[in-house]
Structure formats: structure tokens, C-alpha cells
Amino acid sequence: MNKVLALLLSLTALGAIAQPKQLCVTVDDLPTVEYGEGNQKEITQKLVAHFQKYNIPAIGFVNEGKLYESGKLKAERVALLHQWLDNGYELGNHTYGHPSYHQTPFSSYSKDVLKGAVVTPPLSKKAGLPWRYFRHPFLHIGQNQARYDSLSSFLTQHNFIEAPVTIDNDDYLFAKAYSNAHKKNDKAQMQRIGSDYVKYMEAKVFFYEQASDKLFNRQIPQVLLIHANLLNADYLDDLAEMYKRNGYTFVDLHTALRDKAYLEKITKFGNYGISWIDRWALSRSVPKEFFANDPETPAYIVNAAK
Ligand SMILES: [Zn+2]
């Protein structure tokens, strides 16, 4: 046996060669978030092209309310969903009108969930793709156990699986700032925002890796939340390169959720929309330091997003 092979074998035995880290990319607010730019088609085409280039089995969460204008279903918006489905990307339910469960009575919220499941399920079926996941708008799952339980059993009853998020972030602020720069055709500002966005997202992944280590003593498959906007359409290549550089492979949601970490119970609730890792940590009553050093959004982004 040559020396290199012997060394490799002993390292493997010691567990010193890290298991590849896994990332599931989930995209919310389909068909798109466009801040009045009118570039829905461009955003969708670019996102799908990135998924294909990097073999990212992404899933998109649809607000079906966005498919209508003055009560009429718009064929060109439904066509945007076809871009996803026809290329093999699964879609899920993100409600019809994006209400906050924390500000909506159960009866109207549950109606909105079902109203958001009219157009997409038959399209998914036709494309040979499952229709099974639900993503809570604002990650509002219920402010207390009772409200969480009623929504949870409603979802189960209607065959929806909750789609958790572990890497929560402020991509929407960067995207709003980026869109403002785009409207002014300020290329330098767009580039600055884009490159700071990738750095910020890298800091976020490091933060949640540490958190995963502290909670589970290992790297669990992470579920990333981003939105269907121009910033991600332009920068998903750079993001994908960054995750790859950090040892990630891309997996679908079904694969990520098979990990037993996702069986961890949430027992603490509040009026917030946060990462499931943070929810699990709160439920285990970890010390406050657990949440220290969560990367902040630069002040200039917050300002430029106004
Ligand atoms: Zn949303």
C-alpha cells in the first residue's frame, strides 16, 4: 500500500475527513419579487439557468395571489411557474396572499392556505412533480403552542409538510437596495451590493454551521431561504461558488428533511419569524451566547433599501 493511501485510510478511520456538507436552496415569493421593475421573465430565466448550471435541486414557494391581476389569472405569470416545473423544479405552497399567521385569525389564514393551492397542484402533477410542501410567510408559525398546533394539524390534514428554514437572512433588504440601484442604472452600487451580499451570506453560513455544531455536534443539512428577486437572479452563480468552496453539495428538500435533526421538537414560541436552528436552541434553553455574532446587515444596505 502506498503511503498516501495508508494515510487516507487512517484519516478516514479517525473521521478526520469531513462528510460533505449539504445545502438545500429554497426560493420564496414566486413567481417573483420585482419592486415594479417588470422583469419577471428575466428573473425566472436567470434563476433556473443557475440551478441547472450548478445542479441545484431548488424548490420554489408560490404566492398564487401574484398570478392574478384584477381578479384575472394572467397566462404570462403562470408561464413563469412552467419555467420551474418544466425544468424539473418542484413548487410548494406559500399561501395565496402572504398573510402573517401572527396577525390573522386561524379561520381566514387556513382559507388563504387552501386558496393558494388551486393553480399549481394540477401543473405540478402534469409535470410529474409532487405538491407537498408549505412555507410559512414571514416564517410565522404561531406565537404559542396552541396556535402552532392548530395550524400544524390543519397542514397535516391537507397533506402539507412544513418546510423549515435553517439559514434565515436579510436577502430581501439587499435585494431592495439592489433594485433601487438598478432603477438608477447605478452599476457601481449594484456591484458593491452584490459583492457585499455574497460576503454576508458566507458569514451567515459560517454562523449556522457553528450553531449546528453546538446543537448537534455535527453539520446537519442546512435549508437556505432566498427570494425570487433580481439580486439572486444576478448573483446565484457567485453564491453557488461560495457554498461549493465551503464544501457544500446541493440536495433537495426531501433529502435534507430526512435528517433526524428535523425531528427535534419546538417547545418555545414567540412573535418572531426565525431560523429553526434558533427555535430549537431556544427550546433547549441554551445560554444567550449561542446567538452572539449573528452577522448583521450593513447599515448602508438598510438605508439603501428604503
Ligand atoms: Zn414570503
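Student: Which elements do the buried residues of α3 pack against?

Tutor: In this predicted model, the buried residues of helix α3 (residues 75-85) are R77, L80, L81, Q83 and W84. They cover an arc of only 145 degrees around the axis, which puts them on the same side of α3. What they pack against is β1, α2, β2 (59-62), β5 and α5 (120-126).

Student: Which exposed residues does the face of α3 turned away from its buried side carry?

Tutor: The buried side of α3 holds R77, L80, L81, Q83 and W84. The face turned away from that side carries A75 and E76.

Student: Is E90 buried or exposed?

Tutor: E90 lies in strand β5. Leaving aside neighbours within four places in sequence, E90 is in contact with I59, L129 and P130. A residue needs 20 or more other C-beta atoms within 10 Å to count as buried. E90 has 22 C-beta neighbours inside 10 Å, so E90 is buried.

Student: How far apart in space are E90 and L30, C-alpha to C-alpha?

Tutor: In sequence, E90 and L30 are 60 residues apart. In space, their C-alpha atoms are 12 Å apart.

Student: What kind of peptide bond joins L30 and P31?

Tutor: Most peptide bonds are trans. P31 is in the loop between β1 (21-30) and α2 (40-53). The omega of the bond between L30 and P31 is about 5 degrees, and the bond is cis.

Student: Which residues of helix α4 are buried, and where on the helix do they lie?

Tutor: Helix α4 spans residues 106-115, and its buried residues are Y109, D112 and V113. Seen down the axis, these fall within an arc of 105 degrees, so they line one face of the helix. On the other side of α4, S107 and S108 are exposed. The answer is therefore Y109, D112 and V113, on one face of α4.

Student: What is the phi of T95?

Tutor: Most residues other than glycine have a negative phi. T95 is in the loop between β5 and α4, and it counts as buried with 27 C-beta neighbours inside 10 Å. T95 is not a glycine, yet its phi is positive, at about 75 degrees.

Student: Is N185 buried or exposed?

Tutor: N185 is in the loop between α7 and α8. Although not a glycine, N185 has a positive phi of about 55 degrees. N185 has 8, so N185 is exposed.

Student: How are α7 and α8 oriented to each other?

Tutor: Two packed helices are described by the angle between their axes and the distance between the axes. For helix α7 (residues 171-183) and α8, the axes are 8 Å apart and the angle is about 165 degrees. An angle over 145 degrees counts as roughly antiparallel. α7 is therefore roughly antiparallel to α8.

Student: How many residues in the contact of α7 with α8 are nonpolar, polar and charged?

Tutor: α7 passes α8 in a left-handed crossing. α7 contributes F174, A177, Y178, A181 and H182 to the contact, and α8 contributes Q189, M190, I193, G194 and Y197. By class these are seven nonpolar, three polar and no charged.

Student: What is the orientation of α8 and α9 to each other?

Tutor: The axes of helix α8 (residues 187-216) and helix α9 (residues 230-245) come within 10 Å and cross at roughly 45 degrees. The crossing is right-handed. At that angle, α8 and α9 are therefore oblique to each other.

Student: Which residues of α9 make the contact with α8?

Tutor: On the α8 side, the contact is made by G194, Y197, V198, M201, E202 and V205. By class, the contact has nine nonpolar, one polar and three charged residues. The α9 residues are L231, D234, Y235, D238, L239, M242 and Y243.

Student: Which residues does Q143 touch, not counting residues up to four places away in sequence?

Tutor: Q143 lies in the loop between β6 and α6 (145-157). Q143 is partly exposed, with 15 other C-beta atoms within 10 Å. The residues Q143 touches are H102, F269, G270 and N271.

Conventions:
Residues are numbered from 1 along each chain as its sequence is written. This is a predicted model: local features need pLDDT of at least 70, side-chain atom pairs count only at pLDDT 80 or more; totals for chains, interfaces and linings use all residues. Axes are lines fitted to C-alpha atoms, for helices over the stretch in contact, and angles run from 0 to 180 degrees between N-to-C directions. Helices (H or I, at least four residues) and strands (E, at least two) are DSSP runs, numbered from the N terminus. Angles under 35 degrees count as roughly parallel, over 145 as roughly antiparallel, 65 to 115 as roughly perpendicular and the rest as oblique. A crossing is left-handed if the near helix is turned anticlockwise from the far one by less than a right angle, and right-handed if clockwise. Two residues are in contact if their C-beta atoms, placed from the backbone, lie within 7 Å. Ala, Val, Leu, Ile, Met, Phe, Trp, Tyr, Cys and Pro count as nonpolar, Asp, Glu, Lys and Arg as charged, and the others, Gly among them, as polar. A residue is buried if 20 or more other C-beta atoms lie within 10 Å of its own, exposed if 12 or fewer, and partly exposed in between; C-beta atoms are placed from the backbone. The arc is that of the directions from the helix axis to the C-beta atoms.
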